[in-house]
Amino acid sequence: MSARRLKGRYLVPALAVLIALAAVAYRLLPEAVLPGPQSPESSRAGLDRPIDAPRLVLLLPEREEFRADAAMFRMGAELAVMRLAAENVKVTLDPTDSEGQPLTPGERLSVATSNPDTALVIAPLPLSALSEIVTEAKKAHLLLVVPGNSHQKLVDRSAVLPLAASDRTEGALAASVLSGWASGGEAVVIYDPGPYGEVLLAGFAEGAAKAGLKYRRERLGREDLEAGKPMRPGITGDDTFAWLAGPPDWAAVMAEMLARNGARGRFLFPSSCTEPFLDQFLLAVPQNFFFLKPAVSAVAAGDTKREFRDAFVRSYRREPNRDACIGYDCVRWIGTALRDRPITRRSVRERLIRATGPDNPYHGLSGTFYFDERGTTWNTLEPSNYVNGKFIFPRERETAQDGR
């Protein structure tokens, strides 16, 4: 008998034994290891299943550059859970940040969806990670609450509820600010022709049309900055009121160029232009440079900045930063919709949206936000200065006297 025929003679029985062993192993493995996909019927049934002990799943970014801020967000969220428990609102915070072998956002979401008590997912993730999980979250009828991310692609997604107004909305708000500054005169938009700059410009155009603001456009792209293109005389004078529509690295370079050219008007920068970018390019930021930032007008009783800071230091032996405040605000706000039981996955999004409005926004340590009847997010952003490493605006100076 040839070697080939001998091999074929024993191949079929061997395969049969392997298949049988695999079937036995499958039956012996626990269901948690091999959960299997939910059928559409069972997934829809989960929509209306009462949740008496809701779990808030926390998907934190795991890239090295985000870990310090993610830890702060988590600690702020944990402090909010403790505060809610003291008010007899019991929720469980379930961080799914992986230990040992890293899991993808999609894998961590699968862990979250397998528990029927998961009410929603808090996902302070970059857009690339969010893009991986939005579709699966929608299939599982799980709401993704996204704090801090204002990307335009998050708008009008039924599975996503962003707590930051969209970039387009921020552009419209900038037009309102410049309309007040110009007092009937003309404003200018200096913009980067990339996707982010175009969105900020489009929002500004909408806001300017509503406010009756006249403005002109000045295109200044990255290639112009690299070539050292000089500033036009018309955008450095006393009567200049300008909106800088572009990403933070571009805006920081623009700020440096304007300062070097002795620009004397008022210049408004987007909220994405943060401390690291400014500190990289400017030793001192001129007082005629303003930055749209969340303004805190009031907070819930017992949630003043001083009380939060003292509780945070007692619990974690470190000073809280803005990420800690955002984590705290996010969970505290979610708690307002979970006071009445039972809740369901179907009802949680509607409850959260209806809990706020133009006349009753949520006031948090990191700012104010509300949702309109369409579910669009609105924030209270005000022009602030950057002084000694901090963004300062008039309302904050007033509340500082009250110990907040």
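The model is predicted.

Five strands form an open sheet in the order 2-1-3-4-5, with parallel pairing. Strand 2 (92–95) and strand 5 (160–162) stand at the edges. Each has a single partner strand, so one side of each is left without a neighbour in the sheet. From one strand to the next, the twist averages 25°.

Strand 1 and strand 3 run parallel and are joined by 4 bridges. Arg 55 has Thr 118, in strand 3, as its bridge partner. Helix 13 packs on this sheet. The helix touches strand 3, strand 4 and strand 5, and its direction makes about 50° with that of strand 3.

**The cores**

The largest nonpolar core holds 45 residues. Leu 56, Leu 120, Ile 122, Val 145, Trp 333, Ile 334 and Leu 352 touch the most other members. Several helices and strands supply at least two residues each, among them strand 1 (55–58), strand 3 (118–122), strand 4 (143–146), helix 12 (322–336) and helix 13 (345–354). Helix 11 (305–316) and strand 12 (367–371) also supply at least two each. Helix 3 gives the largest share, 9 residues.

A second, separate core has 24 residues. Its members include Val 188, Ala 255, Leu 278 and Phe 291.

Which residues does Ile 122 touch, leaving aside those up to four places away in sequence? The list takes in Leu 56, Val 57, Leu 58 and Leu 59. Phe 73, Val 145 and Pro 147 are also touched. Cys 330, Val 331 and Ile 334 complete the set.

**Single residues**

The table gives relative accessible areas for three residues.

| Residue | Relative accessible area | Class |
|---|---|---|
| Val 111 | 48% | partly exposed |
| Cys 325 | 14% | buried |
| Cys 330 | 2% | buried |

Why is Cys 330 classed as buried? Its relative accessible area is 2%, and buried means under 20%. Cys 325, at 14%, is buried because its value also falls under 20%.

Val 111 sits in helix 4 (residues 105–113).

How many disulfides does the model contain? The count is 0, with a cut-off of 2.5 Å between cysteine sulfur atoms.

Note on methods:
Residues are numbered from 1 along each chain as its sequence is written. This is a predicted model: local features need pLDDT of at least 70, side-chain atom pairs count only at pLDDT 80 or more; totals for chains, interfaces and linings use all residues. Side-chain values use heavy atoms; hydrogens and water are left out. Buried means under 20% relative accessible area, exposed over 50%, partly exposed in between (1.4 Å probe, protein chains only). A nonpolar core is a set of buried Ala, Val, Leu, Ile, Met, Phe, Trp, Tyr and Cys residues joined through side-chain atoms within 4.5 Å. Contact means heavy atoms within 4.5 Å. Two strands pair if DSSP finds at least two bridges between them. Axes are lines fitted to C-alpha atoms, for helices over the stretch in contact, and angles run from 0 to 180 degrees between N-to-C directions.
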